[in-house]
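Here is my note on the model, point by point. Please read it with the structure open.

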Amino acid sequence: MNHDSGLDNYDLKILRTLAQEGRMSWRDLAEKIGLSLTPTLRRVRRLEDEGYIRGYTANLDEKRLAGPMIVFVSVTVERQISDVLEVFETRVAQLPEVMGGYLMTGGADYLLRVVVRDLDHYQTLLEVLTRVPGVANIQSSFALKAFVNRPAPMVGAG
């Protein structure tokens with residue numbers, strides 16, 4: 001879905017292509033989108049400068065490096081005041097098992113996506129989480145299967 005009318009079809013092709021293969025050479029990118037090298041590079045630099053492209057990373061195998069178990073952890077804190085929230089976010093962001101963290105509306109204050117090797121590893125992580133100041137309640141849901149996990153939005157779709 002295109003939410004910015006400032007992007008044309010070539011820009012969208014660049015974004016889609018780089019999201020799939022960020023290590024592609026500039027020459028190959030230009031050929032794939034149907035522009036010559038110089039205008040392609042100019043467009044890529046503009047997309048970088050305007051923040052559409054924030055950087056280039058390798059897509060690492062989460063299961064092999066961190067563990068095969070994905071757990072969604074809902075956390076409620078004792079009080080939603082800035083000091084408690086800041087301490088929680090700072091401490092949790094340092095945990096290598098935490099792959100994503102979100103301040104939420106609804107029943108829980110936070111939703112964490114964590115990856116662990118096994119139940120023993122999760123129990124160890126849970127002990128760490130319960131010691132974070134201000135944590136009042138923790139509820140866990142184990143993912144049975146991941147069926148979509150996009151590294152980037154589907155640019156220009158829909």
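This is a predicted model: local features need pLDDT of at least 70, side-chain atom pairs count only at pLDDT 80 or more; totals for chains, interfaces and linings use all residues.

1. The buried set in α1 consists of D11, L12, I14, L15, T17 and L18. An α-helix has 3.6 residues a turn, so residues three or four places apart point the same way.

2. Helix α1 covers residues 9-20, twelve in number. From first C-alpha to last it reaches 17 Å, close to the 16 Å expected at 1.5 Å a residue. Its N-terminal end is capped by D8. There, a side-chain oxygen of D8 lies 3.1 Å from the backbone nitrogen of Y10.

3. R43 lies in helix α3 and D8 in the segment before α1, so the pair ties together parts that are 35 residues apart in sequence. D8 counts as partly exposed because its relative accessibility is 31%. R43, at 19%, counts as buried because the cut-off is under 20%.

4. R43 also forms a salt bridge with D11, with the closest N and O atoms 2.8 Å apart. This pair again links distant parts of the chain: R43 sits in helix α3 and D11 in helix α1, 32 residues apart. D11 counts as buried, with 1% relative accessibility.

5. E50 and R46 form a salt bridge, their closest N and O atoms being 3.3 Å apart. Both are partly exposed: E50 has 48% relative accessibility, and R46 has a relative accessible area of 27%. Salt bridges that share partners join D8, D11, R43, R46 and E50 into one network. The count for the model comes to six salt bridges.

6. Which residues have the most contacts inside the largest nonpolar core? They are V73, F88, L112 and V114, in a core of 19 residues. The elements that give two or more residues to this core are β1 (69-77), α5 (82-93), β3 (110-116) and α6 (119-130). A second core is separate, has twelve residues, and includes L12, I14, M24 and L47.

7. F88 deserves a look of its own. Leaving aside neighbours within four places in sequence, F88 is in contact with V75, Y110, L112, V132 and V135. L112 is another of the residues with the most contacts inside the largest core.

8. Last, the strand pairing. Does β2 run parallel or antiparallel to β3? Strand β2 (residues 98-103) and β3 run antiparallel, joined by five bridges. V98 has V114 in β3 as its bridge partner. V114 is also listed among the residues with the most contacts inside the largest core. The β2 and β3 hairpin has six residues between the strands. In this hairpin, G106 takes a positive phi near 100°.

Methods:
Residues are numbered from 1 along each chain as its sequence is written. Side-chain values use heavy atoms; hydrogens and water are left out. A nonpolar core is a set of buried Ala, Val, Leu, Ile, Met, Phe, Trp, Tyr and Cys residues joined through side-chain atoms within 4.5 Å. Buried means under 20% relative accessible area, exposed over 50%, partly exposed in between (1.4 Å probe, protein chains only). Helices (H or I, at least four residues) and strands (E, at least two) are DSSP runs, numbered from the N terminus. Contact means heavy atoms within 4.5 Å. Two strands pair if DSSP finds at least two bridges between them. The expected span of a helix is 1.5 Å times one less than its number of residues. A polar contact is a pair of N or O atoms within 3.5 Å; within protein, one must be able to donate a hydrogen and the other to accept it, and residues adjacent in sequence count only if both atoms are side-chain atoms. A salt bridge is a side-chain nitrogen of Lys or Arg within 4 Å of a carboxyl oxygen of Asp or Glu.
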